[in-house]
Amino acid sequence: MSPRERYIATFSYQPVDRPFLAEWGPWAATLERWKSEGMEGDWPPELGECDPIWHVPVNFGPIPPFEREVISEDERTIVYVDERGITRREFKDHPETSMPSFVDFPLKSRRDWEEKLAWRYDPDTPERFPENWDELVERWKRRDVPLIVTAYPFLGMFGPLRDMMGLERISMLLYDDPKFIRDLAAHWGEFCYRILERIVSQVEVDAVYFWEDMAFHSAPLISPRMFMEFFGEHYRRINNMLQEAGVRFRFVDSDGNIYQLIEPFMECGINGVYPLEAAAGMDVRVLRKRWGRELRMMGNIDKRAIAAGPPAIDEELEAKIPLALEGGFIPHCDHSMPPDISYQNFRYYWRRKKELLGIS
């Protein structure tokens, strides 16, 4: 089977020649550790065995982006305005391995939205599509690799708006100024709809991955009722259009415990979730028992088990790999691999996962 046939069959619960092999990569600091422990090259050779996935290169971000502006810095940290207008404080060494401290956000009022932001998110801006778009469209017609659309952190609803104003402000505005949130959601829903509509009218896309990160360790950051009230109609409209265009799989990417949101997601046309953070209580076995073959899943291999070593790795994989053999589930680490995972443990995990999947 080609990678595309294998991907589609996996999520269609159909027979495959072997399970689809995928993995979430390591942090930069993890790579440095692995190099010191004997890894050759700049990337784990094991991950070169993964099945390929292609991404549609369309820009969902602000055009033009905000100009990067350094506010202050010292020996260890830097405070700057990023391309989305967010003021953040980061460690200079390996900022990707630690959460940034968000100092300020560009969206505080309706005036901010109208003057600073709305015009940057025009779906008709020509620069959103690459100059060789027509050439890519023709090339993709002959592909044997799955093609997906994803655009972290812009392709979603709650998540992108939260990033513009901060969690505290959006949480308050849901109660204090619901009309403003509805107006923002209407703009954002139309923005995402229009770009996706152009893509799928010209390209046979296999999946769309939305990004939300709308949950904490034990529960969502927004109630299921409020999710449906403010964002449900936009998700439903987008997913109806995608489904009519033949996009088979529509995933939401969210960390944290999203259990309460899965039913609303599915009511809005979502049929897959990832990365299913084990430390937040997500478990593919529970989800499979509850939703059966209606729900597709990716991830859920506990990064803490990989760090702990062979006995914990065996226990974790032996518990969850059987669901991958049933179909509808691609197992991989439940987020980027942190530097407490040794190269030795990663290599054991990789060999053991392939062995249990029946991949030689």
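Predicted model: local features only at pLDDT ≥ 70, side-chain atom pairs only at ≥ 80, totals over all residues.
Student: Is β3 buried or exposed, and why would you say so?

Tutor: Strand β3, residues 77–81, is largely enclosed by the rest of the structure, because five of its five residues are buried, where buried means under 20% relative accessible area.

Student: Which residues sit on which side of β3?

Tutor: Thr 77, Val 79 and Val 81 lie on one side, while Ile 78 and Tyr 80 lie on the other, and with all of them buried both faces of the strand are covered.

Student: How do β2 and β3 pair, and over how many bridges?

Tutor: Strand β2, residues 69–73, pairs with β3 in the antiparallel sense over four bridges, and the two form a hairpin with three residues between them. Within that pairing, Glu 69 has Val 81 as its bridge partner, and Val 70 stands opposite Tyr 80.

Student: And what about β3 and β4?

Tutor: Strand β4, residues 87–91, is also antiparallel to β3, with five bridges, and Val 79 stands opposite Arg 89 there. These two strands form a hairpin as well, with five residues between them, and Gly 85 in the turn has a positive phi of about 90°.

Student: Zooming out, what is the strand order in the sheet?

Tutor: The order is β2-β3-β4-β5, in an open sheet of four strands with antiparallel pairing. The edge strands are β2 and β5, the latter covering 101–104, and each pairs on one side only.

Student: By how much are neighbouring strands turned against each other?

Tutor: On average the angle between neighbouring strands of this sheet is 25°, with direction ignored.

Terms used. Residues numbered from 1 in each chain as written. Heavy atoms only, no water. Buried < 20%, exposed > 50% of the residue type's maximum accessible area, 1.4 Å probe, protein only. Pairing = 2+ DSSP bridges. Axes fitted to C-alpha atoms, helices over the stretch in contact; angles between N-to-C directions.
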